[in-house]
Amino acid sequence: MTSTTPNANSYSANAASSGSGIAASTAGNSPTFSPLYQQIKALITQSLQSGEWKPGELIPSEIELAARFKVSQGTVRKAIDELSAENLVVRRQGKGTFVATHHEARAQFRFLRLAPDEGVPHYPENKIIEVKRLRAPAEVARLLEIKSGDSVVFIRRVQSFSGVPTILDDLWLPGSIFKGLTAERLNEYKGPMYGLFETEFGTHMIRASEQIRAVCADAAVAELLQLSPGVPLLNVERVSYTYGDKPVELRRGLYLTQHHHYRNELS
């Protein structure tokens, strides 16, 4: 969302005094028209971004949200339908709608796309090789939308399935957000890394953009993955974003696919 999105708590008073309500409060000086449910979606997203409802928490019901924004329940339902499709919230039959969290089992495989050729997908074991703070190289800074030379946290890890090294990950994270992130903390944390980012650093990954190409393992990579130089690997470069389309992680992964495949679903 942009900085022009209105505060959800201030909406009711504005709507009560004006028939244009949300349209007036969200449009600002822009002539672009936004459907009513999209405006409600923007307001709910702003509440998620501000932390009004924390990951894993129950959000107000559709009836309560409709009363809050002075719109129909159907409009709210359509907004939540889109938020659910984007994995920002999760509907649970008979319980309500909850803020999505990376601690849920279903969420762990949303960003982990490597699946075994046989058997059920499972989360890999992590081995942290290196964690250090450094100045962002120009290309890393460009992708993270920070200044060249700004502080970043660099992480290198190997992920193994059933004891077999399969993924070599290099990650760069903005140092201003991930203060205090250490190898010790990563090693002692047993859940998914994105769960740690969410819980301890208030950063929730909501989408990612990836580029994939085929490469061959060089000598250094071959040693870390315990394979022969020249073995083909998938090189996956990912930029992950939080609310407001803000990039908060650059990840370059090398995937061994002798017994796994990269799984994606298009819709």
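Entry 1: I started with Phe 154 and looked up its relative accessible area, which is 8%, so Phe 154 is buried. I kept in mind that this is a predicted model. Trp 172 came next: its relative accessibility is 10%, and Trp 172 counts as buried too.

I then searched the whole structure for aromatic pairs and got five. In one of them, the ring centres of Phe 154 and Trp 172 are 5.3 Å apart and the planes meet at 55°, so I noted this pair as tilted. Phe 154 belongs to strand β5 and Trp 172 to strand β6 (residues 164–174), so the pair ties together parts that are 18 residues apart in sequence.

**Entry 2: Phe 178 and Phe 197.** I moved on to another ring pair. For Phe 178 and Phe 197 I found centres 4.8 Å apart and planes at 65°; that angle is over 60, so the pair is edge-to-face. Phe 178 sits in the loop between β6 and α8 (183–188), while Phe 197 sits in helix α9 (residues 193–201), so this pair ties together parts 19 residues apart in sequence.

Are these two buried or exposed? Phe 178 has 0% relative accessibility and counts as buried, and Phe 197 is buried with 0% as well.

**Entry 3: charges over rings.** I checked two arginines while I was on aromatics. The charged end of Arg 92 sits over the ring of Phe 98, at 4.3 Å from the ring centre. For Arg 207, the charged end sits over the ring of Tyr 241, 4.1 Å from its centre.

**Entry 4: back to β5.** I returned to strand β5 (residues 151–161) for Ser 160, which is found there. Its relative accessibility is 12%, so I wrote Ser 160 down as buried, the limit being under 20%. What is Ser 160 in contact with, leaving aside neighbours within four places in sequence? I listed Pro 124, Glu 125, Pro 165 and Thr 166.

Entry 5: I wanted to know which residues of helix α4 (residues 62–69) are buried, and got Glu 62, Leu 65, Ala 66, Arg 68 and Phe 69. Looking down the axis of α4, I found these buried residues within an arc of 160°, so they line one face of the helix. On the face turned away from the buried side of α4, I noted the exposed residues Ile 63 and Ala 67. Just after α4, Lys 70 takes a positive phi of about 55°.

**Entry 6: cores.** Leu 65 is, with Ile 40 and Ile 44, one of the residues with the most contacts inside the largest nonpolar core, which has 19 residues. The elements giving two or more residues to this core are α3 (36–50), α4 and α5 (73–85). Leaving aside neighbours within four places in sequence, I found Leu 65 in contact with Ile 44, Trp 53, Ile 59, Pro 60, Val 76 and Ile 80. Another core of 17 residues lies apart from that one, with Phe 111, Ile 128, Leu 171 and Phe 178 among them.

Entry 7: I picked Ser 50, found in helix α3. Ser 50 is exposed, with a relative accessible area of 56%. The C-alpha atoms of Ser 50 and Tyr 243 are separated by 9.4 Å, although the two residues are 193 residues apart along the chain.

Ile 212, in strand β7 (residues 207–216), is partly exposed, with a relative accessible area of 43%. Its contacts, leaving aside neighbours within four places in sequence, are Leu 234, Asn 235, Val 236 and Tyr 262. Between the C-alpha atoms of Ile 212 and Gly 253, 41 residues apart along the chain, I noted 9.6 Å.

**Entry 8: the whole chain.** The protein chain has ten helices and ten strands, and buried residues make up 45% of its 267 residues. Among contacts with a separation of 6 or more, 59% join residues 24 or more positions apart. The chain exposes about 13800 Å², with carbon and sulfur atoms supplying 51% of it.

How values were computed:
Residues are numbered from 1 along each chain as its sequence is written. This is a predicted model: local features need pLDDT of at least 70, side-chain atom pairs count only at pLDDT 80 or more; totals for chains, interfaces and linings use all residues. Side-chain values use heavy atoms; hydrogens and water are left out. Buried means under 20% relative accessible area, exposed over 50%, partly exposed in between (1.4 Å probe, protein chains only). Helices (H or I, at least four residues) and strands (E, at least two) are DSSP runs, numbered from the N terminus. The arc is that of the directions from the helix axis to the C-beta atoms. A nonpolar core is a set of buried Ala, Val, Leu, Ile, Met, Phe, Trp, Tyr and Cys residues joined through side-chain atoms within 4.5 Å. Contact means heavy atoms within 4.5 Å. Rings of Phe, Tyr and Trp (its six-membered ring) pair if their centres lie within 6.5 Å; planes under 30 degrees apart count as stacked, over 60 as edge-to-face and the rest as tilted. A charge sits over a ring if NZ of Lys or CZ of Arg is within 6 Å of the ring centre and within 35 degrees of the ring normal. Accessible areas come from the Shrake-Rupley method with a 1.4 Å probe; for residues, only the protein chains shown count as cover.
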